[in-house]
Amino acid sequence: MSKYSSKNVWRSILGGTLIFLCIVLYAMAAALHRDTLVDWWIPAAVALILALASGATMWRIWIRLTDSSKFIINYICHTIFFCGIFLAAIYGINRAFPRQSTIWETEAVVEHKYTKTRHHRQRVSRRVYKQGAPYKVYYIGLELPDGRRKDMQVTASRYNRIRSGSTIPLTLQKGFFGMTIILKNTSKKNTTL
């Protein structure tokens, strides 16, 4: 029998597709978290509990992909993948189906400003990349009237106009699961983000 059977090729293609999909799901959850006022561990804990619970019965669907009948290997694969699904679903449903009657405006205090230096990626040859030119990413730390804090990325021009201790207007709305969403560009005076 050859080393590369059609079964192994399809298993590799499916495995690569699932890994890519898993990365996309976690990235989507991280992107939606930036505009949500909630501690990151709360939705992550809920997603992990749901993934662990569903893995107790659904670990067998991974046997054909992993080519192993061992419980722990298939259970870990299921937990990692379905935790990403549940996490993206929690943030996505919360954002997609907000409670329309819960929109309000508030003033947030700018506690601090800071920058992070990142680097572009520069291609050297076909498969070789190196660290390229540096660039700055600008952040402001906000404190809401109820005591919650949130760091938000802003543009360079907005960063230069804002002073520590000043207040900026924010439009907020409760999502489907009760997590507060920061709305962008919803009113003419809200030019914070």
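Biologist: At 47% relative accessibility, how does Asn-160 count?

Modeller: Asn-160 counts as partly exposed, because 47% relative accessibility lies between the cut-offs of 20% for buried and 50% for exposed. Do keep in mind that this is a predicted model. Asn-160 sits in helix H5, which covers residues 156-161. Its C-alpha atom is separated by 46 Å from that of Gly-15, a residue 145 places away along the chain.

Biologist: Let's turn to a helix. How far apart are the end C-alpha atoms of H2, and what span should its residues give?

Modeller: Helix H2 runs over residues 41-58, which is 18 residues. At 1.5 Å a residue, H2 should span 26 Å; the end C-alpha atoms are 24 Å apart, so the two values agree.

Biologist: Which residues of H2 are buried?

Modeller: Start with the general idea. An α-helix has 3.6 residues a turn, so residues three or four places apart point the same way. In H2, the buried residues are Pro-43, Ala-47, Ala-51, Ser-54 and Gly-55. Looking down the axis of H2, you find these buried residues within an arc of 110°, so they line one face of the helix.

Biologist: And which residues are exposed on the other side of H2?

Modeller: There you find Ile-49 and Ala-53, both exposed.

Biologist: What covers the buried residues of H2?

Modeller: The cover includes helix H4, residues 71-96.

Biologist: How should I describe the way H2 and H4 cross?

Modeller: In general, two packed helices are described by the angle between their axes and the distance between the axes. Here, the axes of H2 and H4 come within 8 Å and cross at roughly 135°. That angle makes H2 oblique to H4. The crossing is right-handed. On the H2 side, the residues making the contact include Pro-43, Ala-47, Ala-51 and Leu-52. On the H4 side, Tyr-75, Phe-82, Phe-86 and Ile-90 are among them.

Biologist: Could we try a loop residue too? Where is Phe-176 found?

Modeller: Phe-176 lies in the loop between strand S5 (167-174) and strand S6 (180-183). With a relative accessible area of 44%, Phe-176 is partly exposed.

Biologist: Which residues does Phe-176 touch, leaving out those up to four places away in sequence?

Modeller: Phe-176 touches Ile-93, Asn-94, Phe-97, Pro-98 and Arg-99.

Terms used
Residues are numbered from 1 along each chain as its sequence is written. This is a predicted model: local features need pLDDT of at least 70, side-chain atom pairs count only at pLDDT 80 or more; totals for chains, interfaces and linings use all residues. Side-chain values use heavy atoms; hydrogens and water are left out. Helices (H or I, at least four residues) and strands (E, at least two) are DSSP runs, numbered from the N terminus. The expected span of a helix is 1.5 Å times one less than its number of residues. Buried means under 20% relative accessible area, exposed over 50%, partly exposed in between (1.4 Å probe, protein chains only). The arc is that of the directions from the helix axis to the C-beta atoms. Contact means heavy atoms within 4.5 Å. Axes are lines fitted to C-alpha atoms, for helices over the stretch in contact, and angles run from 0 to 180 degrees between N-to-C directions. Angles under 35 degrees count as roughly parallel, over 145 as roughly antiparallel, 65 to 115 as roughly perpendicular and the rest as oblique. A crossing is left-handed if the near helix is turned anticlockwise from the far one by less than a right angle, and right-handed if clockwise.
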